[in-house]
Amino acid sequence: MKRETIAVSACLLGVNCKYNAKNNLNFKVIEYLKGKEVVLVCPEELGGLSTPRIPSEIQKDGKVMNQEGLDVTDNFLLGAKKTLAIMRQAEAKSIILKDGSPSCGFKCIYDGSFSGTRIKGKGITATYLQLNGIEIIDLET
Ligand code: SF4
């Protein structure tokens with residue numbers, strides 16, 4: 001029988017794809033994924049952004065701006081679409097995402113002011129995946 005395939009935010013498995021070229025290695029996630037097929041995705045890199053990159057936050061109007069005032073919404077949308085395409089190809093129906101990110105956040109994001117203030121909300125990829133029937137597994141990431 002084919003093993004279940006789960007997608008995961010690459011930074012949670014130690015890939016240095018964060019904006020500051022670091023990662024969010026999470027041993028709870030590693031433990032959960034034991035014995036499963038895994039596909040790694042980083043929506044911001046998939047959207048064409050470099051690593052390291054200027055941090056971005058979702059604004060009140062829904063656009064994504066980086067801290068230097070550049071509109072990177074299209075990169076975030078492209079990353080979301082590519083993430084879904086990769087998941088479809090891998091037949092992955094669920095994903096473990098890094099919360100708090102403007103892409104991967106699924107319970108909270110930053111408020112757009114670059115002041116470190118978290119608010120309830122979802123990132124661009126999390127929203128897009130859920131709209132397309134993907135389950136987000138909450139491991140308190
Ligand atoms: Fe991690 Fe997602 Fe940010 Fe990529 S976009 S670094 S996978 S939280």
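This is a predicted model: local features need pLDDT of at least 70, side-chain atom pairs count only at pLDDT 80 or more; totals for chains, interfaces and linings use all residues.

Entry 1, the ligand. I counted who sits around the ligand and got 14 residues, the closest being C11, C17, C42, E44 and C104. A residue counts as near if one of its heavy atoms lies within 4 Å of the molecule. By class, that shell has 7 nonpolar, 3 polar and 4 charged residues. For the classes, Ala, Val, Leu, Ile, Met, Phe, Trp, Tyr, Cys and Pro are nonpolar, Asp, Glu, Lys and Arg are charged, and the others, Gly among them, are polar.

Residues are numbered from 1 along each chain as its sequence is written, and side-chain values use heavy atoms, with hydrogens and water left out.

In what order do the strands of the open sheet run? I found 2-1-5-8, 4 strands with parallel pairing. Strand 2 (37-41) and strand 8 (135-137) are at the edges with a single partner strand each, so one side of each has no neighbour in the sheet. Strands are DSSP runs of E with at least two residues, helices are runs of H or I with at least four, and both are numbered from the N terminus. Two strands pair if DSSP finds at least two bridges between them. Strand 5 (residues 94-96) and strand 8 have 3 bridges, in the parallel sense, and I95 has I136 as its bridge partner in strand 8.

I found E135 in strand 8. Beyond its neighbours within four places in sequence, E135 is in contact (heavy atoms within 4.5 Å) with K93, S94 and I95. E135 and V8 are 127 residues apart in sequence, yet 12 Å apart in space, C-alpha to C-alpha.

Most residues other than glycine have a negative phi, and most peptide bonds are trans. A21 is not a glycine but has a positive phi of about 65 degrees; I located A21 in the loop between strand 1 and helix 1 (27-33). The peptide bond from T51 to P52 is cis, with omega near 0 degrees. P52 lies in the loop between helix 2 (43-46) and strand 3 (56-58).
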